[in-house]
Amino acid sequence: MGTAALAGDLGVGGHKRERLKRVTLDLRIRDVRPEDATGVVAIFNPIIQAGIYTAFDAPFTAEGERSYIEALPERAIFLVAERATDSVLVGFQSMEPFATYAHAFAHVGVLGTYVDLRCRRQGVAGCLFQATFQAARAKAYEKLLTYIRADNAPALATYLHQGFRVVGTAQRQAKLGGRYVDEVIVERFL
Ligand SMILES: CC(C)(COP(=O)(O)OP(=O)(O)OC[C@H]1O[C@@H](n2cnc3c(N)ncnc32)[C@H](O)[C@@H]1OP(=O)(O)O)[C@@H](O)C(=O)NCCC(=O)NCCS
């Protein structure tokens, strides 16, 4: 995919632009918009339908995703990675408070990361993580946490590469097609 480009001017949420990392795709990282719903499900549904990456087990409709985006709570962070050459979405990362039933968890966010299966290993997730870390600090988050299928070694490697540490393994946390799957819980302080 093209020659290496320095994605040094990634606009993050329309705020300050900062130098991130060398990637092989020229990307724009920005806040999601309702009209991105089609692009988001075009990334998400093949990942879900592959059946080996995530505990999500049913595809999303563009209409449903648009409604979800329109109703995002104030402290949600939902960033998309847009390929600069053709404005096609190639990844997204979304994050919400760990729980809203107690203020005690307001400093903890739970996130998910999804990159177009054809665009993996080109630094897309890395750029999304850097932008999400910055946006999360700005919204007073202090810590991020997520659940990764224990059989998803690439995802675990990605999160460890971004400074997350393994908290532990929740056994038989997901039941997919009648088969139990463990989930690894990882965390990172901001
Ligand atoms: C996991 C995922 C988000 C990674 O996105 P990505 O854009 O390919 O990741 P990056 O290119 O930024 O990789 C950054 C680093 O993570 C690690 N990494 C990523 N993919 C890896 C793999 N398949 N094997 C080993 N390490 C890997 C490497 O250290 C990599 O750095 P390097 O390429 O310089 O060696 C992507 O593969 C994906 O969306 N997979 C399907 C959905 C999924 O599993 N999501 C996570 C659900 S919890």
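## Strand pairing around β11

Two strands count as paired if DSSP finds at least two bridges between them. In this predicted model, strand β9 (residues 143-149) and strand β11 (residues 179-189) run antiparallel and are joined by 7 bridges.

β10 and β11 form a hairpin with 2 residues between them. In its turn, G177 has a positive phi of about 55°.

## The sheet as a whole

These strands belong to an open sheet of 7 strands, in the order β5-β6-β7-β8-β9-β11-β10, with mixed pairing. The edges are formed by β5 (27-31) and β10, each of which pairs on one side only. On average, neighbouring strands of this sheet are turned by 25° against each other, direction ignored.

Elsewhere in the sheet, strand β6 (residues 77-83) is joined to β7 by 6 bridges, and the two run antiparallel. A81 has G91 in β7 as its bridge partner.

## Helices on the sheet

Helix α1 (residues 37-50) packs on the sheet and touches β7 and β8. The direction of α1 makes about 85° with that of β7. Helix α4 lies across β9 and β11, and runs at about 165° to β9.

## The α1 and α2 contact

α1 also packs against helix α2 (residues 62-70), at an angle of about 115° and with the axes 8 Å apart. The crossing of α1 and α2 is right-handed. On the α1 side, the contact is made by A37, T38, V40 and V41. On the α2 side, A62, E65, R66 and I69 take part. By class, the residues of this contact divide into 5 nonpolar, 1 polar and 2 charged.

## The shell around the ligand

Which elements each supply at least two residues of the shell around the ligand? They are β8, α3 (124-138) and α4 (153-161). The largest share, 5 residues, comes from α4, the helix that lies across β9 and β11.

There are 21 residues around the ligand, and those that come nearest are R120, A125, G126, P154 and A157. The shell has 10 nonpolar, 9 polar and 2 charged residues.

H107 lies in the loop between β7 (89-97) and β8 (108-115). Is H107 buried, exposed or partly exposed? A residue is buried if 20 or more other C-beta atoms lie within 10 Å of its own, and exposed if 12 or fewer do. H107 is partly exposed because 16 other C-beta atoms lie within 10 Å.

Leaving aside residues up to four places away in sequence, H107 touches A140, Y141, E142 and K143. Among these, K143 belongs to β9, which covers residues 143-149. H107 and K139 are 32 residues apart in sequence, and their C-alpha atoms are 8.9 Å apart in space.

Key: Residues are numbered from 1 along each chain as its sequence is written. This is a predicted model: local features need pLDDT of at least 70, side-chain atom pairs count only at pLDDT 80 or more; totals for chains, interfaces and linings use all residues. Helices (H or I, at least four residues) and strands (E, at least two) are DSSP runs, numbered from the N terminus. Two residues are in contact if their C-beta atoms, placed from the backbone, lie within 7 Å. A residue is near a molecule or strand if its C-beta atom, placed from the backbone, lies within 6 Å of it. Ala, Val, Leu, Ile, Met, Phe, Trp, Tyr, Cys and Pro count as nonpolar, Asp, Glu, Lys and Arg as charged, and the others, Gly among them, as polar. Axes are lines fitted to C-alpha atoms, for helices over the stretch in contact, and angles run from 0 to 180 degrees between N-to-C directions. A crossing is left-handed if the near helix is turned anticlockwise from the far one by less than a right angle, and right-handed if clockwise.
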